[in-house]
Amino acid sequence: MFQRHTGFLVAGLMTSLTLLAACNTTTAPEAEESAATAPQVEENSESFAYDSKVKVGRLIAETRCSSCHAIGPTGNSPHQDAKPFRQLSENYPVRNLEEALAEGIVVGHPDMPMFVLSPYEIDALLTYLESIQEPHPA
C-alpha cells in the first residue's frame, strides 16, 4: 500500500515539475523580440551614463559651489566675485579645470574654500559644467 501511494506521489510531483518547467520557457517570438531590443539598450547606456554623470556633477555643484556661484543656466552668483558657472568657458575650455580641481584650486574668488574631489567627481563636475556653457558670440 505504501509503495502505491509513493508511486502516485512521485508521478504527481514529476507532472507538476514538468508543467512548471513548461510555463517558464520562452517562446520563439518572445526570444526574437528580446534579441531585437538588446542593441537599443546598449545605445541608450551611453546616453544614460552621460545623463547620470551630468546629474552627479550638478549635485556636486549644488552642495559645494552654489553658496558662491550661480550653478545653473540662469541667475546671478550669490558672491559678487564668483563667476557664474555657465560663463566659465569665456576664458578657457572647462576641461582645463581638471588639474586644478585634482590639486585644489588656489585661484578664484579670494575666500574660495579648499575641497578635494575624486577623479570621477571631477569628471562629473566638468561634464555638468560643459553641459551648461553659454554659446559664445562669433
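Which residues touch the most other members of the largest nonpolar core? They are Phe85, Leu101, Leu117, Leu125, Leu126 and Leu129, out of 19 residues in that core. This is a predicted model: local features need pLDDT of at least 70, side-chain atom pairs count only at pLDDT 80 or more, and totals for chains, interfaces and linings use all residues. Residues are numbered from 1 along each chain as its sequence is written, and side-chain values use heavy atoms, with hydrogens and water left out.

**The nonpolar core**

- A nonpolar core is a set of buried Ala, Val, Leu, Ile, Met, Phe, Trp, Tyr and Cys residues joined through side-chain atoms within 4.5 Å.
- Buried means under 20% relative accessible area, exposed means over 50%, and partly exposed lies in between (1.4 Å probe, protein chains only).
- In the largest core, Phe85 and Leu101 are among the residues that touch the most other members.
- H2, H3 and helix H4 (119–132) each supply at least two residues of this core.
- H4 gives the most, with 6 residues.
- Helices here are DSSP runs (H or I, at least four residues), numbered from the N terminus.
- Leucine 125 is in contact (heavy atoms within 4.5 Å) with Gly57, Ile60, Ala61, Leu101 and Leu117, leaving aside its neighbours within four places in sequence.
- In soluble globular proteins, nonpolar side chains tend to be buried together.

**Cysteines**

- A disulfide is a pair of cysteine sulfur atoms within 2.5 Å.
- The whole structure has 0 disulfides.
- Cysteine 65 is in no disulfide, and its nearest cysteine sulfur, that of cysteine 68, is 8.7 Å away.
- That is too far for a bond.
- Cysteine 65 is buried, at 8% relative accessible area.
- Cysteine 68 is also buried, at 14%.

**Histidine 69**

- Histidine 69 sits in the loop between helix H2 (28–64) and helix H3 (97–103).
- Its relative accessible area is 12%, so histidine 69 counts as buried.
- A polar atom of its side chain lies 2.7 Å from the backbone oxygen of lysine 83.

**Glutamate 99**

- Glutamate 99 belongs to helix H3.
- Its relative accessibility is 55%, so glutamate 99 counts as exposed.
- Glutamate 99 and isoleucine 122 are 23 residues apart in sequence. In space they are 9.2 Å apart, C-alpha to C-alpha.

Conventions. Polar contact = N/O pair within 3.5 Å; in protein donor to acceptor, adjacent residues only side chain to side chain.
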